[in-house]
Amino acid sequence: MNKQRTHLRFGIRAVQALLLAFAVCFSLGATDASARYDHLNHQLMCGCGCGQVLGECNHVGCPQSPVQLAELRTDISGGKTDQEILDGFAAKYGMTVLAAPPAKGFDLVAWIAPVAVFLAALLGTILLIRQWAVGKKDAAAAPVSTPEMDALREKIRRETGSEGGY
Amino acid sequence: MATFGSLSLIIALALAAYNLFAGAVALRLIATGRPAPISPERLADTARRAGIAGFFAVTAAAFALVYSVFTNDFSITYIMEHSNRALPAAYKFAALWSGQEGSLLLWCWLLGTYGFVLRLRHKTDVKLYAYAGTILAAIQVFFLAVVNFAAPPFSLLRGAIPADGNGLNPLLQYPEMVIHPPLLYLGYVGFSVPFAFALGALMMRYPGEKWIKITRVWTLVTWLFLTCGIFLGMHWAYAVLGWGGYWGWDPVENASFMPWLTGTAFMHSVMMQEKKGMMKSWNVWLIFSTFLLTLLGTLLTRAGLVSSVHAFAQSSIGSWFMVFMGIVIAVCIFTFILQRDHLRSDYQVESLVSRESSFLFNNLVLLTACFVILWGTLFPILSEYVEGSKVTVGAPFYNRVAVPIGLFLLFLTGVGPLLPWRSTSLRAIRRNFVIPSIALATTIIVCLAVGVRPWKDGQFDSGNFYALVGFALSASVFTAILSEFLRGAAVIAKQTGKNLAASTYVLIRRNTRRYGGYIIHIGVVIVVIGLCGAAFNRNTERELALHDTMSVGPYTLECVGFTQDSNANYNSDYALLDVYKGGKKQFQMAPEKRVYLASQQPQTMVAVHSVLSWDLYVVYEGTNPESGQPIIKAFLNPLVSWIWAGVVLIVFGTFVALAPSQTPVTASVRLPAARTVPAEAVLKGGD
């Protein structure tokens, strides 16, 4: 009993640690200026319509990316937070300038749906396998004595001569 | 030539329609056993022959288009828009798939080629092949109708014929573009064949799992083509687009990746059906979904529903594809409902920790990844519909959502082969997992020691964290697979007295499928290691005057010249850079920027120096108009060559898996070839 409780406690701790690691993973970001600049220019799209992330737009004579990159530098040196910078760009260039949907309003669905589908499928698969496993045990435990099986046994006995033979 | 091409396409459509109609009537007559004025077997054979003739008609049309490109027949609109006189010969071939009409003709030709091979091999199982051939004919009818009526490649130009064409899109003027699209299309189109077999087997209530064995080679070959196509596309993006990366989560890339994921899931779960008679309905739906995803991908990228960096061909053929997809879905659902009792599983999974359940989880993860990509690709449309404004779903979304899923899949790649079938004991788990766990822990410690840490300047770095997890899992999975090889080889070495290398060879030959699969998994591990390298990419940009230098990583680049060149096809600016490492000159690089004369479009020609540990990747960004000096951007991309090396191993592993196994019995006693059963007899008696 004690051993079980220890295992349970250990399991809960492991899950807690895992959740904490994921929370840290998804919530923190780099903070020094050059890292912030690099991080943020990968959160924005080039506004010229080339479909590239701002930090990676490299086509010759792009009219938009140097302007946007300069604005980004100004915003960072001006002391704005990441969210303020992203909001400012979205207000100026439209929502399509953000390289990923914001995690608010209807766009939150974009982030929730994959996780929800994965968890639902995972849970569904686990439950299905457990149900199959339990069904298998029940089937093994139950006496096999249906009329069809009895008839089949009778037929086998007759055909193999195991009834009244030697 | 335009008339010849158009006529060939009309004839091909007529033949495919006859193949479909006559084949369907014949199979119906055979199934019901109703008397008919013509022998159903003979009718089925005429349908098959029409299918074969159809291949020659489409080949004639494809030849007509290629001939027109080579003879600069600018009276044909397609040729005028996608070629020009100065275009090198290799790229004139590429013109065949550079636009909507040509690429659909290529699709038809590849479909015709697959159909041709399938119909020639009909004696393997006449009835099943007749069903598959008829279903394939239905797909051919659709695509041939599209190229005849919605996107005709031979439509003539109105007005005066220009002296020269607009030229080929500069992005396509790269050697890989001559092989990447055909390989990708071979993969896309190829999934029509397993789809046709699966649907046919379901329609005819094919007894047993033999149809899976018959289609196994088709599926593997198709998967191989798609894999090669995707990776060649990555390499092309890396070498041509000049942004230092190889995968941008663009809708066109996503469109090719989704059927690959479901196809991979099918190849895994189909083993459960073969070995245990399980997951029959699941497998049928996997292959249905894979085929539907190839259609959806085509619809998304060609109908202008989603914008893409490299959607070369967009038009209004979307409605055609939507209707066809609707028909395919309806037929699949109808057939499934009608025949679902035929798909009842013989066995069920008995334990949560077993080989069977690992296959289930593998499928779950692959399908979740497919859903995530589909969801991300379609979400801008959904968002626009709900909110009235579009949003962008780009790399940050996929990196955050898809990368953890990918790592979980990598974990399963290692765990799956270590679990026995049916169920496993705690002792077996301990025994099998000790070495991979040690490898995992050791790699984490080594990575932390050498500086791969999930934090930088006291802050958490998700890129480094994923790289650390990726490296550790890769080491663990590699060890797990290696131990499988060693365990098997040691047994053979003990039995035969051969050395370990020879025993490993015998082991692989005895079960090519299993060990070919393991080789593919090692290839995947190597690819993942290469992908993890992206977390440590570095780049720098500078305008360089003569003898100016710039540094990236251990390299120093010195500009020793910048000049211009021109030929009939393009003008180019390029810089000559001497590369030094440790004060010694190592080699010279010449990044280039071209402007193609016909289209007046610029194009980057990246200079790449690749070694095992990293790529030095140099881009000629442009010329400063004031100083006339080149602006150079240099990247140091670690481990990129591992990606391409991993792909080579994946290809090798697939070839091994395709090779027939040589069991000890067949190795020593060669059986005589089986007698061929007359086609008619099989067709009559096989129902």
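Me: How many residues of domain 1 of chain B are in contact with domain 4 of chain B?

Reply: Seven, and they meet five residues of domain 4 of chain B. Contact here means that the C-beta atoms, placed from the backbone, lie within 7 Å. This is a predicted model: local features need pLDDT of at least 70, side-chain atom pairs count only at pLDDT 80 or more, and totals for chains, interfaces and linings use all residues.

Me: What sort of residues are on the side of domain 1 that touches domain 4?

Reply: In chain B, that side of domain 1 has two nonpolar, four polar and one charged. Ala, Val, Leu, Ile, Met, Phe, Trp, Tyr, Cys and Pro count as nonpolar; Asp, Glu, Lys and Arg as charged; the others, Gly among them, as polar.

Me: Where are the domain bounds in chain B?

Reply: Domain 1 is 1–168, domain 2 is 174–347, domain 3 is 398–510 and domain 4 is 536–641. The bounds come from an automatic or database domain assignment. Residues are numbered from 1 along each chain as its sequence is written, while chains are lettered from A and ligands numbered from 1 in the order in which they are written.

Me: What separates the centres of domain 1 and domain 4 of chain B?

Reply: 44 Å, taken over C-alpha atoms.

Me: Switching to the chain contact. How many residues does each chain give?

Reply: Chain B gives 47 residues and chain A gives 39 residues.

Me: Which element of chain B supplies the largest share?

Reply: α13(B), with 12 residues. Helices (H or I, at least four residues) and strands (E, at least two) are DSSP runs, numbered from the N terminus.

Me: And how does that side of chain B divide into nonpolar, polar and charged?

Reply: The side that touches chain A has 22 nonpolar, 15 polar and 10 charged residues.

Me: Now strands. How do β4 and β5 of chain B pair?

Reply: Antiparallel, over four bridges, with β4(B) at residues 549–552 and β5(B) at 555–566. Pairing needs at least two bridges found by DSSP. B:M550 stands opposite B:L557.

Me: What about the residues between those two strands?

Reply: That hairpin has two, and B:G553 takes a positive phi near 55°.

Me: How many bridges join β5(B) to β6(B)?

Reply: 11, and the strands run antiparallel, with β6(B) at residues 570–581. B:G561 faces B:L576 across the pair.

Me: Last one: what span does helix α1 of chain B reach?

Reply: 45 Å from first C-alpha to last over 31 residues (2–32), close to the 45 Å expected. The expected span is 1.5 Å times one less than the number of residues. Just after α1(B), B:G33 takes a positive phi of about 75°.

Definitions and conventions
Two residues are in contact if their C-beta atoms, placed from the backbone, lie within 7 Å.
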